[in-house]
Amino acid sequence: MPSPPEEETQPKPDTGPGQTSERDTNQPQPPPPQSQPPPPQTYPPVMGYPGYHQAPPYPNYPNAPYQQYPYAQAPPASYYGSSYPAQQNPVYQRPATSGFVRGIFTGLIVIVVLLCISTTITWLIFRPQIPLFSVNNFSVSNFNVTGPVFSAQWTANLTIENQNTKLKGYFDRIQGLIYHQNAVGEDDFLATAFFPPVFVETKKSVVIGETLTAGDKEQPKVPSWVGEEMKKERETGTVTFNLRMAVWVTFKTDGWAARERGLKVFCGKLKVGFEGNSGNGAVLLPKPLPCVVYV
């Protein structure tokens, strides 16, 4: 039988207190514990791609690159120091008044369209025609431009003809104004008066007349330059006037009436010839003088 090794058969030397053996002195020392880095802190996702987050470098490693955490979740609300509810995507809501305004606008458009349709149908059915005006007689009396106050009287007779076959004419107001032919503004008239209202049947005509007086208290003051123009013209034996009228008329038929319409009538170049040095004169008209009507 082989004998055991010598090392195993020899007794181990006894080590007393305070003495260390050679094996104890040659054993390696355990490595010191390494410090573990603190766990990374998470931050709310930055603006940009959704779910993308970048974490700052470790505090102990300032040169370390940023750590990217795709699809990282935002920290809880307590992280921000307050408990705000989670922000939701804003949803645009139409104001309640937009539908109301749209309804009013649509209603106005419908009303305008209906009025246009009704007006067109009325015109096609009745075919309203503008009345005709013509001067039958125009005369002047007591014409005086040499005195301190200008005075004169004009007498105008006109014919109104209703051309409509289905509409009757109600001429409620007819205002006449006398102008000198060189008058520029509308306020430079010499005298004004209202003709009596008249009613004209279909395809009929009526004659109206009125006297217009200058120099009364209710009449306007004649501009001085107009008086000088008439004085120079009177020396030639004739003075030319213009007659303007503002007419308000309503056309009616059985069961239907149109709205009141305003007309402007212009009867110009009324050349009055005077009898010598008197203040009386008249326009010699072999036939009625037609006037121009503006709607």
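I started with Ile117, which is partly exposed at a relative accessible area of 43%. (Buried is under 20% relative accessible area, exposed is over 50%, and partly exposed is in between, with a 1.4 Å probe and protein chains only.) This is a predicted model, where local features need pLDDT of at least 70, side-chain atom pairs count only at pLDDT 80 or more, and totals for chains, interfaces and linings use all residues. Residues are numbered from 1 along each chain as its sequence is written, and side-chain values use heavy atoms, leaving out hydrogens and water.

Next I checked where Ile117 sits: in helix 3, residues 96-126. (Helices are DSSP runs of H or I with at least four residues, strands are runs of E with at least two, and both are numbered from the N terminus.)

Ile117 belongs to a nonpolar patch of about 950 Å², together with Phe105, Ile109, Val110, Val113, Leu114, Ile121, Trp123, Leu124 and Ile125. (Patch residues have over 30% relative accessible area and no salt bridge; like charges are joined within 9 Å, and nonpolar side chains, meaning Val, Leu, Ile, Met, Phe, Trp and Tyr, within 5 Å. A salt bridge puts a side-chain nitrogen of Lys or Arg within 4 Å of a carboxyl oxygen of Asp or Glu. Areas come from the Shrake-Rupley method with a 1.4 Å probe; for residues, only the protein chains shown count as cover.)

Last, I zoomed out. I found four helices and 14 strands in the protein chain. Of its 295 residues, 25% count as buried. The chain exposes about 21,400 Å², with 56% supplied by carbon and sulfur atoms.
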